[in-house]
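Thanks for coming, everyone. Please have a look at the model on the screen, and then I will walk you through it.

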Amino acid sequence: MKALRIHGPKDIRLEELPDRELGPDETLLAPRAVGICGTDLEIFQGTMFYFTSGMAKWPIVLGHEWSAEVLAVGKNVTQVKPGDKVVGECTVSCGTCEMCRLGRYNECPNRRETGILNLDGAFSDRMYYPASFLHKFDKISYEEAALTEPTAIAVWGTKLVEVNPSDYVAVMGPGPIGLLAMQVARAYGARRVVMIGRRASRLKLAKELGADAVINLREEDLVSAARRATDGRMFDVVLEATGNPDVTKELMKITRPYGRISLMGLFNSQMGSIDLDAMVVGNITIKGSLGSPGVWDETINLIERGLVKAKPLITHPFALNDVPEAFELMQDRTGDVIKISLRP
Ligand SMILES: [Zn+2]
Ligand SMILES: [Zn+2]
């Protein structure tokens, strides 16, 4: 099989890897579409936390946002068969530790993460993957289905802060996760969802995808615009999707008492600052959000029913051979790339 493996920072090679025997609980898949996200770029650049901390080992085949066709199944596998269209979870956990038994397998200490943490991903024409972390789909294209993973991240981050129909919700950052979380908050019935960002083209897309209002921080003052957008009451829920430590200073200013904040991005920094007194005085809850345990079938359903539109996020289709070029395009933030989708 052909795979794009990363051997170290900026050392990416298209390689022929040997086929092997299929394990009894495994499947052999043909990836049909793969998305690239900021995490892939960080791994490519060698700055991603798992690699800098030594948790993750080189080399690795990237690709954690993917859809695939089942080619063959191991002898114990009954839940999928050859020909099925599937997506697979990023987290592949041990299934036996306490976190796994509690359903919190995103925090399994023995976990692997597909294309990230010690398990090869989908930048490849073939892929071995455990059947129990697969989910079937059939009403959407492979390209859309490849966005199930980032959508599941958005669903989990939104679910953690229990968005409900009385909530005014702010989404900080109209990147892929922010644009998906905004749609999830709407699907959960939020009273008003406001996208906050800096790039006019992204904010325009947020409006097209259903944001009730947008705030452009290049043109407006955050606090007064937030007050106006919430009829003076400020936000019940803030979904932080920028991963920018400077943004953490702003969170308390726009959250109302008893508000809930979900941090959905990694900051790569200890530099953020949260106004702790404002947090205490406002009875405000902040939740860190990693992974997407137990929300994959719900996520596929949201996309299949059109409640979350993933397709408009795909701006740059690429072939597998052009990955280095795709990474360059992602680094060049002036190009306003939203989502690159690969066809292996
Ligand atoms: Zn990702
Ligand atoms: Zn476990």
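Let's start with helix 1 (residues 38–45) and helix 11 (residues 323–331): their axes come within 11 Å and cross at roughly 110°. Helix 1 and helix 11 are therefore roughly perpendicular to each other. One reminder before I go on: this is a predicted model.

Who touches whom here? On the helix 1 side, we have G38, D40, L41, F44 and Q45. They meet F327, M330 and Q331 in helix 11. By class, the residues of this contact of helix 1 with helix 11 are four nonpolar, three polar and one charged.

Next, helix 5, residues 148–159. I have two partners to show for helix 5: helix 6 and helix 10.

Take helix 6 to begin with, residues 176–187. The axes of helix 5 and helix 6 come within 8 Å, and they cross at roughly 55°. That angle makes helix 5 oblique to helix 6. The crossing of helix 5 past helix 6 is right-handed. Helix 5 brings P150, T151, I153, A154, V155 and T158 to this contact. Helix 6 brings I177, L180, A181, V184 and A185. How many of the residues in the contact of helix 5 with helix 6 are charged? There are no charged ones; nine are nonpolar and two are polar.

Now helix 10, residues 296–304. Helix 5 and helix 10 pack with their axes 9 Å apart, at an angle of about 110°. That makes helix 5 roughly perpendicular to helix 10. Helix 5 passes helix 10 in a right-handed crossing, too. From helix 5, the residues in contact are T148, E149, T151, A152, V155 and K159. From helix 10, they are W296, E298, T299, I300, L302 and I303. This contact of helix 5 with helix 10 divides into six nonpolar, three polar and three charged residues.

On to the second largest pocket. Its volume is about 300 Å³. The second largest pocket is lined by 18 residues. Which of them lie nearest its centre? Those are R20, E26, L119, Y128 and Y129. Strand 10, residues 127–130, gives the largest share of the lining of this pocket, with four residues. By class, the lining of the second largest pocket has ten nonpolar, two polar and six charged residues.

Last, two spots in the backbone. Some background: most residues other than glycine have a negative phi, and most peptide bonds are trans.

Spot one is the bond joining W58 and P59. This peptide bond is cis, with omega about -15°. P59 sits in the loop between helix 2 (49–52) and strand 4 (60–61).

Spot two is D231. Is its phi positive or negative? D231 has a positive phi, about 55°, although D231 is not a glycine. You will find D231 in the loop between helix 8 (222–229) and strand 15 (235–240).

That's my tour. Over to you.

Key. Residues numbered from 1 in each chain as written. Chains lettered and ligands numbered in written order. Predicted model: local features only at pLDDT ≥ 70, side-chain atom pairs only at ≥ 80, totals over all residues. Heavy atoms only, no water. 1 Å grid on protein atoms, 1.4 Å probe; cavity = no way out; pocket = protein on both sides within 12 Å on 5 of 7 lines; lining within 4 Å. Points joined across faces, edges and corners; volume = space filled by probe spheres on them. Helix = DSSP H or I, 4+ residues; strand = E, 2+ residues; numbered from the N terminus. Nonpolar A, V, L, I, M, F, W, Y, C, P; charged D, E, K, R; others polar. Axes fitted to C-alpha atoms, helices over the stretch in contact; angles between N-to-C directions. Parallel < 35°, antiparallel > 145°, perpendicular 65-115°, else oblique. Left-handed = near helix turned anticlockwise from the far one by under 90°. Contact = heavy atoms within 4.5 Å.
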